[in-house]
Amino acid sequence: MAIEVRIPTILRTYTDGEKAVEGSGGTLSELFADLETRHTGIEARIVDGGKLRRFVNVYLNDEDVRFLDGIDTKLTDGDSVTILPAVAGGMV
Amino acid sequence: MLTITRALYDRIVEHARADHPDEACGVVAGPVGTGRPERFIPMLNAARSPTFYEFDSADLLKLYREMDDRDEEPVIIYHSHTATEAYPSRTDITYANEPGAHYVLVSTADTDGAGDFQFRSYTIVEGVVTEEDVKVVEEYA
């Protein structure tokens, strides 16, 4: 099952500079585990303790997966997943 | 060094002033590889906070799609500090994920007499903050 995954600049060190890679899995969690087998280290940048990192946004097609089922969001063939680090900060 | 037009500089400052006492944030995009800030894109601070900013997640996706379609990148990522100096905080450094960008910080602390107005620029690469000069020009050469 092929799912397109769009990779942000900051994580392209794990994908040989590729802007998009393919992966497979029935859920986001499985997809990130699958990516890890070819792009060692990438999973830990997205997932922490079995959950999505707070300041990494993951979108299934156009939807922020926090409004779906988070890391348990189900995927189907042909889906597109986009990873974007939050742009955030503050004075503290 | 960050080279920026007077017009863009003024728009960043206006945005920071308008949103005070909340932090304002946004991007100035430019053609990939040129390092030239051109397209001013003010963003909504989803946190609506005087001490924190975060781009709204749906707006963030739209922004990056749009930049991708136009072969642009975020040349400047700006935000304001409303009561402290315009220097990257620990939070700013932790979440700085664009090593190629100029991180512009504006301090609007002068509004409440809490400090000086400041407009400063930095690169933040793997946790290392380097301040750089800001050159304001009428137009790019």
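## Close-up views of a predicted two-chain model

**View 1. The buried face of helix α1 of chain A.** L28(A), L31(A), F32(A) and L35(A) are the buried residues of α1(A); a residue is buried if 20 or more other C-beta atoms lie within 10 Å of its own, exposed if 12 or fewer, and partly exposed in between, with C-beta atoms placed from the backbone. Because these residues cover an arc of only 95° around the axis, they lie on the same side of α1(A); the arc is that of the directions from the helix axis to the C-beta atoms. Their packing partners are β1, β2, α2 (42-46), β3 (47-48), β5 and β7 of chain A, where contact requires that the C-beta atoms of two residues, placed from the backbone, lie within 7 Å. Helices (H or I, at least four residues) and strands (E, at least two) are DSSP runs, numbered from the N terminus. The model is predicted: local features need pLDDT of at least 70, side-chain atom pairs count only at pLDDT 80 or more, and totals for chains, interfaces and linings use all residues. Residues are numbered from 1 along each chain as its sequence is written, while chains are lettered from A and ligands numbered from 1 in the order in which they are written.

**View 2. The open sheet of chain A.** Five strands form an open sheet of mixed pairing in the order β2-β1-β7-β5-β6 (chain A); two strands pair if DSSP finds at least two bridges between them. Its edge strands, β2 (20-23) and β6 (63-64) of chain A, each pair on one side only. Within the sheet, β5 (residues 56-60) and β7 (residues 80-85) of chain A are antiparallel and share 5 bridges. In this pair, V58(A) stands opposite I83(A) of β7(A).

**View 3. Helices packed on the sheet.** Helix α1 (residues 28-38) of chain A packs on the sheet and touches β1 (3-6), β2, β5 and β7 of chain A. The direction of α1(A) makes about 110° with that of β2(A); axes are lines fitted to C-alpha atoms, for helices over the stretch in contact, and angles run from 0 to 180 degrees between N-to-C directions. Helix α2 (residues 57-69) of chain B also packs on this sheet, touching β5, β6 and β7 of chain A. Its direction makes about 105° with that of β7(A).

**View 4. The contact between chains A and B.** In this interface, 17 residues of chain A are in contact with 22 residues of chain B. On the side of chain A that touches chain B, β5, β7 and β8 (88-90) of chain A each supply at least two residues. The residues of that side comprise 10 nonpolar, 5 polar and 2 charged; Ala, Val, Leu, Ile, Met, Phe, Trp, Tyr, Cys and Pro count as nonpolar, Asp, Glu, Lys and Arg as charged, and the others, Gly among them, as polar. Strand β8(A) runs antiparallel to strand β4 (residues 52-54) of chain B, and 3 bridges join them. There, A88(A) stands opposite E54(B) of β4(B).

**View 5. The fold of chain B.** Chain B contains 3 helices and 9 strands, arranged from the N terminus as β-α-β-β-β-α-β-α-β-β-β-β. Of its 141 residues, 37% count as buried. Among contacts in chain B with a separation of 6 or more, 62% are between residues 24 or more positions apart.
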